Amino acid sequence: RLGGGTKLDVSTVETELANDEGQLAPLRQQLAAARHQLALLVGQAPADWSPPDFDLDHIAQPDQVPVQLPSELVHSRPDIRAAESRLHAATAEIGVAQADLYPKLTLSASFAQSALHAGDLFSYDKASGWSVLPGVSIPIFNRGALKARQQAAEAAARAEVANYQQTILQAFVQVADALQAIANDDESIAVQSRGVDASGTSLKLQRLRYQDGKSGLLPVLDNQRSYARARIQLAQSRARRLNDVAQLLYATGASWTVTP
């Protein structure tokens, strides 16, 4: 209206404003969904409870994360403990199956004499037995079936060993991923912090130019947008680091502290 700009300048600013306002609705939806999830975690209805306001600066987290963590921490994970218990049970089944191979007999005067030979004791067709009626003998030991049971127990134990090893490898991979993610977050935060400082300085200088009449308003608005974007990216990186630290605690299955 005062002749300090063109209609094109106005249209450009209006377009940027519309784009910014268009991003508000999805952000509000994400915020509402997060609040509803928090209400669910505390066992309340979303309409009856709202979470307190928070600041990233007030969320406690380790200042430093170790480059490597002892494997004993990962051993506390529930999935590793469960796989370990299944492995113990499977190996115990081998012992039970082996014990069943030993003949369980009650020796008496009526014990079938034909089975007293070592070669016949473990033979199914000449199985040890006792006389129930004249001419009738009941086999009491089937070595073939019990041997197959032992082999099945050994195969099941080998499968549990493989499952146990795979579970441990998955845990180590998750810990390595979390550690690498935190290292990348620290680097990103450092870079974006420098970007915020640089864009803040640029905005300050541009405002001084505008106040001195050496620049129009549009460059000031552009610098404000650049400064806002830099702060948003820094906040996202800091939030991502918090999430990655939580993932590391989840991956280890136990709390850990950094010792000098």
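Helices are taken here as DSSP runs of at least four residues, numbered from the N terminus. With that in hand, the predicted model can be walked through from its overall make-up down to single residues.

Just past its end sits G253, whose phi is positive at about 75°.

L242 lies in α7, and its relative accessibility is 16%. Because residues under 20% are classed as buried, L242 counts as buried. Which residues does L242 contact, once its neighbours within four places in sequence are set aside? The partners are L56, I59 and Q61. Q61 is 181 residues away from L242 along the chain, yet their C-alpha atoms are separated by 7.1 Å.

The wider picture gives this contact some context. In the protein, among contacts with a separation of 6 or more, 68% join residues 24 or more positions apart. The secondary structure amounts to seven helices and two strands, arranged along the sequence as α-α-α-α-α-β-β-α-α. Of the 260 residues in the protein, 24% are buried. The exposed surface comes to about 18200 Å², and carbon and sulfur atoms supply 57% of that area.

Helix α1 covers residues 7–22 and helix α2 covers residues 24–41. Their axes come within 5 Å and cross at roughly 20°, which means that α1 runs roughly parallel to α2. Where do α1 and α2 meet? On the α1 side the residues are D20, E21 and G22, and on the α2 side they are L24, A25 and P26. Sorted by class, this contact holds three nonpolar residues, one polar residue and two charged residues.

After α2 comes G43, a glycine with a positive phi near 75°.

How values were computed
Residues numbered from 1 in each chain as written. Predicted model: local features only at pLDDT ≥ 70, side-chain atom pairs only at ≥ 80, totals over all residues. Heavy atoms only, no water. Buried < 20%, exposed > 50% of the residue type's maximum accessible area, 1.4 Å probe, protein only. Contact = heavy atoms within 4.5 Å. Areas by Shrake-Rupley, 256 points an atom, 1.4 Å probe, with all protein chains shown as cover. Axes fitted to C-alpha atoms, helices over the stretch in contact; angles between N-to-C directions. Parallel < 35°, antiparallel > 145°, perpendicular 65-115°, else oblique. Nonpolar A, V, L, I, M, F, W, Y, C, P; charged D, E, K, R; others polar.
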